[in-house]
Amino acid sequence: MTETNTLAKLDPRGRELVFTAARTSNTFAETPVTDEELADIWELTRWTPTMANTQPLRVVFVRTAEGKERLLPHIAEGNLAKTEAAPATAIVAYDNNWHEEIPNVFPIRPEMKDYFASDETARHGAGGWSAGLQAGAFILAVRAAGLAAGPIAGYDTAGVDKEFFPEGDWTTKMIVNIGHPGENPWFDRLPRVEADTAVKWA
């Protein structure tokens, strides 16, 4: 008789926290977010599956007044107030030299480092795909850690990169405000694409 493994299912409350009841926060309370809470977000994110376990995502947690002063000039006007108010803001970035870690994170194929070093198109194709997986998981990790995530699209990528990554080693993929929800934090819930539009069976 063949033995099968059965995985546990996330309970209804967990599904609500991470998926169905979770919302993008547009205001933030003054309640501080601790370094331990931010470290917990990364601890969850780093278990995301990636191509050959390469893990190309990197994060800068901006949580000091000095850090915000460096970041805010590069944020679009419509996102300034929420970014200034958020106790922490994450610059979620892509490591352009992620292949350097291959001998450490994928020791069964250390020669892959040389392959990706020699082929920039392949390196950024594979790395960008994996970083995208991790970026999505990062938002779920914020929610799982009991905090609200407020990802924003309005910012000057080149400006952020020049300010925080002047050596060109990392590239900004996403900016996420993090904290506890403030006053009137949610927009009205908008429709989701239905399964009969988005799902096919084969």
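Rings of Phe, Tyr and Trp (its six-membered ring) pair if their centres lie within 6.5 Å; planes under 30 degrees apart count as stacked, over 60 as edge-to-face and the rest as tilted. With that in hand, I looked up the cluster: W98, Y115 and F116 form one.

I noted that this is a predicted model, where local features need pLDDT of at least 70, side-chain atom pairs count only at pLDDT 80 or more, and totals for chains, interfaces and linings use all residues. Residues are numbered from 1 along each chain as its sequence is written, and side-chain values use heavy atoms, with hydrogens and water left out.

Next, the pairs. My search of the whole structure turned up four aromatic pairs. In one of them, the ring centres of Y115 and F116 are 4.9 Å apart and the planes sit at 65°, so I wrote down edge-to-face.

Then I checked burial (buried is under 20% relative accessible area, exposed over 50%, partly exposed in between, with a 1.4 Å probe and protein chains only). Y115 has 43% relative accessibility, so I call Y115 partly exposed.

Another pair is F165 with W170: the centres are 5.4 Å apart and the planes 50°, which is tilted. F165 is buried at 5% relative accessible area, while W170, at 22%, is partly exposed.

Last, I looked for a charge over a ring (NZ of Lys or CZ of Arg within 6 Å of the ring centre and within 35 degrees of the ring normal). I found R70 over the face of F164, 4.3 Å from the ring centre.
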